[in-house]
Amino acid sequence: MTDEGARPAHGRRAAGVPLDRGEPVTELAASLSDGEWHHLHPASPLLKGGIVLIAVIGIVISNLRERFFENLVPGANFRGEDPIELLFREGVFGWALLALLGVLSVLVLGFYISWRLHTFRITEEVVEVRSGVLFRTNRKARLDRIQGINIVRPFFARLFGAARLEVNQAGQDANVRLDYLGSAAADDLRREILRLASGTRAASVSRANGVGPGVGAGPSLGAASIVEQRMHEFLAPELDPDAAEPESVVKLGTGRLIGSILLSGASIFLVVAIAVVIVASVFAPESLIAFFGLIPAVLGVAGFYVQRFMKSLRYSIAGTPDGVRVGFGLLTTSNETLPPGRIHSVKVSQPLLWRAPGWWEIKVNRASQSSTNGAAGQQNTTILPVGNLVDVTRVLALVLPDLLDERLALTGLTGPGAPDDGFTNSPRRARGLRWFSWRRNGFAVTPTAVLLRKGAIWRELVLVPHPRLQSVSVQQGPLLRMLRLAAVRLHTVAGPISAEVGAIDEDAAVELFTLTAEAAVRASGSDTSHRWRSAEGVEYRAAADRAAADRAAADADSHDRTLP
Amino acid sequence: MTEQNPSEDTVSTVTNRVDLPAITWRRVSGKYVVAELLGLVVTAVVLAGATAPLYIIGWDGAPWATLAAVGFVLLFAAFTPRRVQAIGYQLRDDDLVFRRGVLHQRFVAVPYGRMQLIDINRGPLSRVLGLSELRFVTAAASTGVTIPGLPAAEAEELRDALVELAESRRAGL
């Protein structure tokens, strides 16, 4: 990998490169994020399907070459003779080779052109990608609207030391993809984009220890050390070695992972299906055919198990200065950084079968709905696939850093419900609507978030931070009115969580409505998470501005300032 | 921001009903009742038309089916004034509160900073009556606030005011 996809495109200087950009995290990142157009990793077209295409063509030709040539050359009949032999005998082998070369060079040229035309740039404000040969597309992502940056390393690309960088924006599949970049380049670039987006001017992490034989070291490496480097990348932990807290706060053991998957709804389905088949065959032995009906079900469930397992393996979650970083995957890995304030609501839930081992799952609502196939797709909203209460509190502390009243959250998870346990619960008259959970069904409002506690059999706790609340509503239908109850719904961006609490006392509901409506206004007014580190950098920036002013004054007469 | 419309009235506080304290609701135009009723006439015609096949197959109960359809719509129509009266909104200092529904009541509060866009819709019927419908879109699909039956001029005025408010309190997502 000589240049890790970091070549500046010719002759296109971005207009208005800002003068003071702070200090980039690494040289590589600096060269990629200088506001000019760059090319991606040279192997990108191959990784994006070129190799598959060539392989498929190769397989087709090698298997069907007789048919292939018969169709290609009308009237030809090889009579069981090998076409290559025939070509030799007829003395046209040279021509055939030439034709093959021609096809190959057209393919290579096509790949080359598509690579040439696929460029990206990163400025202070946007990440922008241009691509396409016949149909040009141009996509921009504003840095302060970034919802998350994902680095996906499909198995095949990993072998080549390449990675795909996805800058997620709010909306359905509104992501800007840089596929592919060199592995090290992707990591550096992510930190650099996050640094630019955070609004801070100071370089967050200095990479003084020189981990990561990045681009500079590339050309001088011998073949053996390249292999070594690939191995290193392959086996390295998913988290950046030099990120602030590299240690994953949750250790997801293989045993627990397997257990959690076995105790899922799919297993119940399988057990029920098997029971039905057994009962059927006992009472009607001639209906053995039912066993064959079971096979697809078993295969389906097994496929689900394997998929869940592979995707959740090597799970890690850690806090970095620029947000929560979640990694998944064994062969194809994905590793996403969610900047602060990008998590719109959090649900901690416990399926019935997980109750005995005391396991919980955490899902989040996010503004970006990514349907990326590969590791990211399914896990996009699951932030903790399985964990015990300790893990849950750790993850909650990461995703909602200033929320946590830990005791209240724990009460929300496991509390059986009592009149004064911090939650305002359903009154006794709600029994008819919440048979088992009326004691527990309720809400609590803290200065930073709303907690909704629901369910006695399927227990769950929904947390909505005030600054992410879009609107709030209170509803009452005829049935609820008869019981003087009401339902409150907190509206956040769409996702797997719907933050609603039903069957609470109507006065309490109005109180919750009023409180959250006020809190939402207050919180969204003072929220700076779109430039999450802009607040802390104020003094620094003031100093930098002063310095810039001084420099400008000094430079006033010497007019040829070079752009940085 | 509170006292803008002289025709405001407070909802009679019936016991057992959810109500928000200290809010004087601005009501939508009375002409909206007409629009709703005209819409219901169309519905009645369509429903009655849908029973036509029953006559063709010669079912004895066909007239009753038609009658039932029309009766259902009439029942709906009888409550229309009350339903329209239940629609209300108020521009508070920092958010818009909206209510609607008699049987199924719903109150929504949307902070101005959360509004992503504001639509004005006018159907053919409302256009004849000079009414507009204002729709608010936030990042949450479930917000679902639509104020129907506003006089066209008032709707535009309201939209401009709200856009300005939203602009001054613009926040991230």
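What percentage of the 173 residues in chain B do buried residues make up? The share is 28%. The structure is a predicted model.

**Chain B**
- Chain B contains six helices and seven strands.
- Read from the N terminus, its elements follow the order β-α-α-α-α-β-β-β-β-α-β-β-α.
- Of the contacts in chain B with a separation of 6 or more, 51% come from residues 24 or more positions apart.

**Sheet in chain A**
- An open sheet of seven strands in chain A has the order β15-β13-β12-β19-β18-β17-β16, with antiparallel pairing.
- Strands β15 (382–387) and β16 (424–425) of chain A are at the edges; each has a single partner strand, so one side of each has no neighbour in the sheet.
- Six bridges join strand β12 (residues 343–350) and strand β13 (residues 360–366) of chain A in the antiparallel sense.
- Ser349(A) is opposite Glu361(A), a residue of β13(A).

**Helices across the sheet strands**
- β12, β13 and β15 of chain A have helix α12 (residues 389–399) of chain A lying across them, at about 165° to β15(A).
- Helix α15 (residues 506–526) of chain A lies across β16, β17 (442–445) and β18 (449–454) of chain A, and runs at about 35° to β17(A).

**Val56(A)**
- Helix α2 (residues 44–72) of chain A includes Val56(A).
- Val56(A) counts as exposed because it has 11 C-beta neighbours inside 10 Å, and the cut-off for exposed is 12 or fewer.
- Val56(A) and Trp115(A) are 59 residues apart along the chain, and their C-alpha atoms are separated by 21 Å.

Notes: Residues are numbered from 1 along each chain as its sequence is written. Chains are lettered from A and ligands numbered from 1 in the order in which they are written. This is a predicted model: local features need pLDDT of at least 70, side-chain atom pairs count only at pLDDT 80 or more; totals for chains, interfaces and linings use all residues. Helices (H or I, at least four residues) and strands (E, at least two) are DSSP runs, numbered from the N terminus. A residue is buried if 20 or more other C-beta atoms lie within 10 Å of its own, exposed if 12 or fewer, and partly exposed in between; C-beta atoms are placed from the backbone. Two residues are in contact if their C-beta atoms, placed from the backbone, lie within 7 Å. Two strands pair if DSSP finds at least two bridges between them. Axes are lines fitted to C-alpha atoms, for helices over the stretch in contact, and angles run from 0 to 180 degrees between N-to-C directions.
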